[in-house]
Amino acid sequence: MTADTLLSALGMLASFEAIAAILLGTLYGIFIGATPGLGSVLGITVILPFTFVLGQEVSIAVLLGTYCGSVYGGCIPAILINSPGTPQSAATLFDGYPMARAGQPALALGWATFASAFGGILACAILAAAAPPLARFGLRFGPIEYFALGLFALTCIASVARESLVKGLFGAAFGLFLAMIGSDPISGIIRYDFGSFELAAGLSLIPVLVGLFALSEVLWRVADRAGPPEAIVERVRFAMPPLRDIGRRWWLLVKSSLIGTGIGSLPGVGATAAALVSYAEAKRTSPDRANFGRGSPDGIVASEAANNAVTAGALVPTLALGVPGDPITAVLLGALTIQNIIPGPTLFAQQPELVTFLFMALFVVNVVMFVMGATLGPLFSRILRLPEPLLIACLVVLIVVGTYSVNQSSFDLAVLVVMGLVGFAFRWVEIPLAPVVIGFVLSPMIESGLRRGLILTNDSILAFFASPIAATLFALTALFLLWPVASGLLARRSTAPRTQR
């Protein structure tokens with residue numbers, strides 16, 4: 001990182017628009033996270049259309065604020081009503097709610113807020129340190145390597161679609177098909193337009209994303225698939241944990257943050273798994289393990305430090321390889337693409353100022369998140385009193401107005417409604433939505449890389465394996481796809497003798 005790059009990124013961050021975007025994005029994200037049932041993906045997809053008219057830096061600031069704020073905000077209902085606002089805070093309620101019931105809700109929020117900020121900041125520092133080697137590595141990528149990387153990225157579906165790989169692959173294929181509507185990237189031939197002028201231009205990413213996630217979530221909640229939240233704790237305040245207690249848990253904070261960063265960098269795993277793994281590790285090694293589940297601060301620290309560290313860790317594969325770290329960063333990947341920011345190996349080399357700005361903005365977001373959590377925590381707890389019909393009505397207005405405002409196109413609204421119904425149907429038959437987004441976003445890279453690679457090799461697929469990077473990625477792709485099948489067969493073989501006995 002050169003001095004010129006650093007100064008340029010600081011100039012971007014110091015603008016009024018960037019600071020305002022961080023403040024508003026973080027505030028909005030905490031609101032989304034503190035409202036049970038909404039979640040980070042819904043929050044980002046609702047705000048996504050409004051970022052289309054903003055500059056790159058402002059859009060990044062808003063999206064990062066929403067992402068980090070929503071992950072943190074989930075701890076508020078987890079502590080106060082024993083219902084996590086987001087899945088990432090599922091492990092927080094194990095000790096957060098018992099501590100609140102024991103008469104210490106303010107201290108529970110204090111531990112959660114401090115651990116969240118600590119995990120996010122440490123993971124941000126790790127992400128920044130990994131940037132230079134990633135930039136040097138990215139210069140070695142060509143069309144063939146990008147094609148191999150796109151195929152490997154699709155294998156993260158195996159992690160996203162834990163219940164059924166077949167359903168996950170179907171969702172990815174559906175996303176690939178949607179992206180192929182319109183003109184061919186090489187020849188310009190129109191495909192799958194069915195005589196429609198609007199379809200000849202292809203499907204816009206915004207109505208597809210917002211319809212799949214946001215509108216389908218509204219339809220799902222209207223169909224009464226989610227239960228009402230429990231009664232909240234009254235008169236909540238914030239209490240900062242004593243420095244002496246924080247000092248005794250410095251290694252737990254660091255270890256949980258490292259766990260979250262490491263697991264977050266694995267495609268498709270996500271913050272929920274990171275929080276649970278960190279909680280289990282803290283319980284295993286804690287001398288106070290008997291109090292876990294009864295209001296132990298260690299349990300809150302382990303969960304919140306890990307799940308917020310994932311926000312930076314998941315950006316490592318997303319920015320460096322174009323591979324989403326979890327379903328949330330799959331949506332972020334689409335949001336960056338809308339801003340003409342193409343994540344991948346060359347991003348660090350071609351746009352170092354923008355990447356440096358992202359690191360700095362992520363650091364500031366975590367600081368702002370801590371300040372807002374400490375000062376506005378009692379206010380956010382009142383969000384839990386909002387009637388659900390009012391909340392749904394506000395979401396519908398934001399979804400429709402935001403989608404229409406991008407292109408002022410009634411066709412985009414039609415796509416929004418259709419994708420909302422498709423998303424609802426996919427939820428009903430338990431087809432995960434994240435693979436659809438992954439397929440839709442990665443389709444241009446895969447198709448263009450394949451077509452250009454064939455031109456370079458005179459239509460020889462075997463020549464693709466001459467590239468060491470591509471060959472390695474092909475091998476990893478095969479391994480990731482075959483591993484669930486092989487592990488299932490091994491599990492059946494190991495249990496077969498016991499069954500016979």
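Thr-45 sits in helix H3, which spans residues 40–51; helices here are DSSP runs of H or I with at least four residues, strands are E runs of at least two, and both are numbered from the N terminus. The model is a predicted one, in which local features need pLDDT of at least 70, side-chain atom pairs count only at pLDDT 80 or more, and totals for chains, interfaces and linings use all residues. Residues are numbered from 1 along each chain as its sequence is written, and side-chain values use heavy atoms, with hydrogens and water left out.

With a relative accessibility of 0%, Thr-45 counts as buried (buried is under 20% relative accessible area, exposed is over 50%, and partly exposed is in between, with a 1.4 Å probe and protein chains only). Setting aside neighbours within four places in sequence, Thr-45 is in contact with Leu-209, Val-210, Phe-213, Ala-214 and Val-331, where contact means heavy atoms within 4.5 Å. The C-alpha atoms of Thr-45 and Leu-332 are 8.9 Å apart, although 287 residues separate the two along the chain.

Stepping back to the whole protein, the secondary structure comes to 25 helices and 2 strands. Of the 501 residues, 54% are buried. Looking at contacts between residues at least 6 apart in sequence, 78% join residues at least 24 apart.

Helix H6 covers residues 93–101 and holds Asp-95. Asp-95 is buried, since its relative accessible area is 0%, and the buried residues of H6 also include Leu-93, Gly-96 and Tyr-97. A polar atom of the Asp-95 side chain lies 2.8 Å from the backbone nitrogen of Ser-296. Beyond residues up to four places away in sequence, Asp-95 touches a set that includes Tyr-279, Asn-291, Phe-292, Arg-294 and Ile-300. Just after H6 comes Gly-103, with a positive phi of about 95 degrees.

Now for the charged side chains. The count comes to 6 salt bridges, each being a side-chain nitrogen of Lys or Arg within 4 Å of a carboxyl oxygen of Asp or Glu. One of them joins Asp-245 and Arg-248 at 2.9 Å, N to O. Both of these residues belong to helix H14 (residues 243–248) and are 3 residues apart, about one turn of the helix. Asp-245 counts as buried because its relative accessibility is 16%, whereas Arg-248, at 57%, is exposed.

Glu-447 is buried at 15%, while Arg-451 is partly exposed at 27%. Arg-191 and Asp-184 also meet in a salt bridge, at 3.4 Å, N to O, and a network of salt bridges links Asp-184, Arg-191, Glu-447 and Arg-451.

The structure holds 11 aromatic pairs; rings of Phe, Tyr and Trp (its six-membered ring) pair if their centres lie within 6.5 Å, and planes under 30 degrees apart count as stacked, over 60 as edge-to-face and the rest as tilted. Trp-250 and Trp-251 make an edge-to-face pair, 5.9 Å centre to centre with 65 degrees between the planes. Trp-250 is exposed at 53%, and Trp-251 is partly exposed at 46%. Elsewhere, ring pairs link Phe-147, Phe-464, Phe-465 and Phe-474 into a cluster.

Terms used
A polar contact is a pair of N or O atoms within 3.5 Å; within protein, one must be able to donate a hydrogen and the other to accept it, and residues adjacent in sequence count only if both atoms are side-chain atoms.
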